[in-house]
Amino acid sequence: MKATATLTKSERQTGIGLAIALAVMGFAMAAAARHGVMAIHGGMAMVLGLALVFVLGGALYDHPEPGADRLSRYYDAPIRFGIAMTLIWAVIGMGVGVWVAALMYWPEATPLWDWTSYGRLRPVHTSGVIFGFGGNALIATSLYVVQRTSRARLADALSPWVVLIGYNLFCLWAVSGYLMGVTQSKEYAEAPWYADIWLVAIWLTYFALYIRTLARRAEPHIYVANWYYLAFILVVAILHIINNLALPVRWTSAESFPIWSGVQDAMIQWWYGHNAVAFFLTAGFLGMLYYFLPVRAQRPIWSYRLSILSFWGIVFFYMWAGSHHLHYTALPYWVQTLGMTFSVMLLVPSWASAGNAIATLNGAWHKVRDDAVLRFMFVAAVFYGLSTFEGSFLAIRPVNSLSHYTDWTVGHVHSGTLGWVAMIVFGAIYSLVPKLWGRENMAWPRAVEWHFWLAVAGTLVYVVSLWNAGITQGLMWRTYDANGALSYSFIETVEAMLPYYALRTLGGGLFLAGAILCALNCRATMRAAGSREDAADRPLAVQPAE
Amino acid sequence: MTTDPRALPGADPHTGNREVDPVTGYETTGHDWGGIRELNTPFPRIALIALALTVIYSVVAWILLPAWPTGRDYTRGLLGLDQGEVAMDRLQAIKTGRAVWLTHFEAPDFASLAVNRGLMALAMPAARRLYGDNCALCHGSDGAGGPGFPALADADWLWSGDPEEIAVTLRHGINAEDPDTRIAEMPAFDWMDRVDRLSLAGFVASLPTGKADWDSPAAGLFTQNCAACHGEKGQGGLGVGAPSLTDGATIYGQDPQTVYNTLTLGRRGVMPAWAGRLGEAEINLLALYVSRLSETKEERTQ
Ligand code: HEM
Ligand code: HEM
């Protein structure tokens with residue numbers, strides 16, 4: 001069924017109105033800026049707006065309207081779109097990841113075009129995977145989970161589209177801006193000021209949609225997964241707004257100054273940066289874990305009490321921990337001590353979540369053995385435990401004096417993002433795609449098994465080589481000989497990294513190969529869509545018409 | 001909330017019992033979200049113990065270290081640590097250790113230092129890393145140089161291979177932002193006829209082979225325009241930073257095309273001044289190290 005056919009005529013008309021508004025906004029941006037990155041971004045928005053006008057306008061009278069019975073079904077069309085975008089961004093983001101990994105091994109291979117320089121490609125990787133891949137996965141699954149666990153249809157049919165399309169425009173602006181050399185120079189918050197404002201509008205729409213849907217729930221209680229998703233939505237909004245407060249140099253260009261400066265700016269940035277890890281890369285994905293793992297394993301959540309402990313522990317402790325990114329800097333010592341101690345206490349609620357997930361598999365271990373999809377989720381929980389243990393360890397000041405600035409940090413990052421974030425996303429995708437496209441199973445069930453082993457091997461090769469790299473690097477930097485002179489010159493420590501960088505590129509390549517296989521498998525599944533209804537989807541409690 | 005177990009969600013309305021999970025033997029909480037249920041597992045003791053341990057760790061850290069803000073001040077901690085002081089202390093300790101041998105380089109007599117084998121055994125490995133951190137990116141880890149950057153590991157010098165002179169080069173640089181910098185400028189001969197530049201370039205390119213034709217018109221051009229800086233026969237060594245054109249060593253290259261470019265555009269390579277960045281002893285240490293690079297290279301090839 002065409003996505004437009006899921007909208008009523010009046011929804012299509014409102015949609016056309018919004019699309020025209022987007023095109024006008026894009027035109028205004030382009031006209032005001034005249035040239036430069038902002039003009040190009042305005043042009044992108046205008047083209048997108050016009051394309052949406054045509055799609056919706058063409059459908060206005062042609063496609064039949066959905067019947068009133070739609071209100072007794074879940075609204076999954078935008079979720080399908082979100083899953084498709086997740087897969088596209090996965091291939092782009094991880095592809096660029098392998099590219100920058102290769103550049104670190106072979107920097108001479110940088111082509112002569114500006115946009116291929118390491119400094120521009122690196123944020124394309126980080127934003128591409130975190131926001132493009134992770135963000136789309138979070139939004140799509142949250143909309144799925146909130147409906148199932150509330151037994152309520154999404155509060156309305158247009159705002160999920162606004163959220164997903166608008167969010168992807170943000171990602172596109174961000175990534176294309178970096179390639180053209182525009183950045184706010186704040187890690188994970190590089191996008192230009194107008195993109196940031198745009199994201200605020202999108203995010204508020206998302207928050208409203210989520211809350212309104214929860215309010216319509218037919219279940220007496222709100223399931224844990226929804227607490228996590230809600231924490232993700234709410235806190236990301238706060239972090240994003242505060243860290244991105246900036247004054248544009250001109251209203252007609254992409255450059256801006258942050259309003260914070262000096263050590264305050266550093267502290268705000270890493271309060272943001274660490275809680276981006278906490279609420280973007282952790283809380284939302286824990287929501288995913290709490291839904292898809294018990295459903296796939298067909299087991300009850302092991303402990304309701306642990307869920308509560310870990311939720312409030314994570315929400316409370318993470319907020320204090322950001323200063324562990326600034327150990328031994330101009331940041332006052334006392335702030336570092338607080339960051340360190342709260343990071344250590346954070347370990348307990350983190351492990352409570354990982355432990356709860358793994359204990360939930362009691363009684364389903366035979367399924368873990370046989371079902372690669374469940375195995376993805378199991379491995380995700382294990383890596384979640386590993387990377388949080390590692391994180392709390394790295395946050396201890398003397399340990400950090402060894403690890404900071406080394407590739408150990410990057411190894412920690414990818415044990416979290418590959419082993420935890422990407423694995424749980426793949427598990428969720430393989431659970432969802434057959435359901436959403438009305439099939440019993442994926443088109444190529446064997447390929448899921450292949451993907452699993454490629455992903456595990458890729459993660460292990462990546463992470464183990466960078467642990468070695470980081471520890472080697474850290475030790476070489478701090479070794480003095482008996483005469484009080486450094487034992488190694490810096491360039492020797494760079495040369496020592498080469499074999500590890502080669503291995504990392506290989507591990508990343510394996511991981512990317514798995515992701516591409518996943519995308520192709522999903523495409524094949526989507527093309528062979530059936531009309532099977534998911535038996536697990538209980539009938540909705542019908543809501544009064546909107 | 002009622003305390004009657006029979007009224008709780010999921011409870012059997014007659015007995016008040018809730019469904020028991022056959023695998024773990026625990027009751028469920030009675031909640032059910034689209035098939036997801038939860039067990040009413042008692043709180044695991046280990047989680048509480050772990051939480052208590054991490055809290056104790058934190059409290060001890062707060063007592064010992066600077067930790068909580070108190071308005072304009074903060075709690076100093078029993079250990080009274082200050083990260084700036086700690087860093088300076090450690091730096092000082094390392095400096096003291098180094099002083100044992102480094103002081104010999106404050107105002108050195110290079111000739112007597114170089115024969116002090118014990119001192120050299122301490123100093124040269126340190127010099128190698130100092131060189132690696134500050135010089136290798138331009139001159140190469142082994143001093144082999146590269147296009148635009150002269151080799152330091154050969155016996156051919158722009159200025160001099162004498163450690164005193166090298167120390168001057170290091171201190172003040174060449175064409176650097178330093179009032180006493182050495183000046184070495186190869187002027188552009190763009191006013192010269194293109195044909196003359198081409199023939200001169202060919203002539204200069206043939207100098208290192210020893211087969212250059214000193215009776216050719218190009219040789220005349222050379223004597224007229226170039227000899228003042230590069231020497232009568234292009235042998236260099238006049239102490240103006242103009243390299244010898246007869247040895248095989250080159251900075252930019254001595255093929256006809258590169259020489260033609262050198263003539264057309266001129267050259268003005270920059271060697272940074274290190275006086276503000278490295279200590280006097282370190283500069284002297286490096287000067288001695290660099291002066292010995294060519295010897296160590298010869299030793300190695302022998
Ligand atoms: C195909 C697999 C991947 C490869 C080959 C790869 C490679 C890289 C490389 C080379 C860097 C730069 C490291 C540096 O500057 O030293 C990097 C950074 C980063 N990547 Fe990946 N990556 C992959 C997947 C992912 C995924 C799936 C995520 C997130 C979901 C992710 C998140 C990040 C983050 C957050 C950073 C910044 C780390 C920091 O600043 O410390 N990566 N990656
Ligand atoms: C208990 C949980 C965690 C703690 C206490 C923790 C702690 C740390 C520490 C101490 C650093 C190094 C800072 C530095 O030296 O620069 C770090 C870096 C990082 N961690 Fe974690 N971590 C935790 C969990 C995670 C997880 C689960 C992920 C990913 C899903 C993650 C992603 C990152 C990223 C992306 C960085 C690099 C930031 C940057 O420098 O760009 N962390 N973390």
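Residues are numbered from 1 along each chain as its sequence is written, with chains lettered from A and ligands numbered from 1 in the order in which they are written. Because the model is predicted, local features need pLDDT of at least 70 and side-chain atom pairs count only at pLDDT 80 or more, while totals for chains, interfaces and linings use all residues; side-chain values use heavy atoms, leaving out hydrogens and water.

**Ligand 1**

The iron atom of ligand 1 is coordinated by NE2 of His125(A) and NE2 of His414(A), at 2.0 Å, where donors are N, O and S atoms within 2.8 Å of the metal (3.2 Å for Na, K and Ca), and sites may look incomplete since water is not among the atoms. This pair joins distant parts of the chain, as His125(A) belongs to helix 4 (residues 118–150) of chain A and His414(A) to helix 14 (residues 407–436) of chain A, 289 residues apart; helices here are DSSP runs of H or I with at least four residues, numbered from the N terminus. The arrangement around the iron atom of ligand 1 is octahedral because its six donor atoms subtend angles of 86 to 179°, the class requiring, for six donors, that opposite ones be over 155 degrees apart and all others between 65 and 115. His125(A) is buried, at 15% relative accessible area, and His414(A) is buried too, at 13% (buried means under 20%, exposed over 50%, partly exposed in between, with a 1.4 Å probe and protein chains only).

Of the 23 residues around ligand 1, those that come nearest are Tyr118(A), Arg122(A), His125(A), Glu187(A) and His414(A), a residue being near if one of its heavy atoms lies within 4 Å. By class, this shell has 13 nonpolar, six polar and four charged residues; Ala, Val, Leu, Ile, Met, Phe, Trp, Tyr, Cys and Pro count as nonpolar, Asp, Glu, Lys and Arg as charged, and the others, Gly among them, as polar.

**Ligand 2**

The only protein donor of the iron atom of ligand 2 is NE2 of His412(A), at 2.1 Å, and His412(A) lies in helix 14 of chain A. That helix also gives the most to the shell around ligand 2, with six residues. Among the 27 residues around this ligand, Glu187(A), Tyr188(A), Asn400(A), His404(A) and His412(A) come nearest, and by class the shell has eleven nonpolar, 15 polar and one charged residues.

The table gives polar contacts (pairs of N or O atoms within 3.5 Å) of side chains with both ligands.

| Side chain | Ligand atom | Distance |
|---|---|---|
| Tyr118(A) | oxygen, ligand 1 | 2.8 Å |
| Glu187(A) | oxygen, ligand 1 | 2.6 Å |
| Glu187(A) | oxygen, ligand 2 | 2.6 Å |
| Asn400(A) | oxygen, ligand 2 | 2.9 Å |
| His404(A) | oxygen, ligand 2 | 2.6 Å |

**Helix 5 and positive phi values**

Helix 5 (residues 159–179) of chain A is mostly covered, with 18 of its 21 residues buried. Just after helix 5 of chain A, Gly181(A) takes a positive phi of about 95°. Most residues other than glycine have a negative phi. Arg34(A), although not a glycine, has a positive phi of about 65°; its place is the loop between helix 1 (9–33) and helix 2 (37–62) of chain A, and at 71% relative accessibility Arg34(A) counts as exposed. Ser185(A) has a positive phi near 60° in the loop between helix 5 and helix 6 (193–215) of chain A, where Ser185(A) counts as exposed at 62% relative accessibility.

How values were computed
Tetrahedral: all angles 85-135°; square planar, octahedral: opposite > 155°, others 65-115°. Helix = DSSP H or I, 4+ residues; strand = E, 2+ residues; numbered from the N terminus. Polar contact = N/O pair within 3.5 Å; in protein donor to acceptor, adjacent residues only side chain to side chain.
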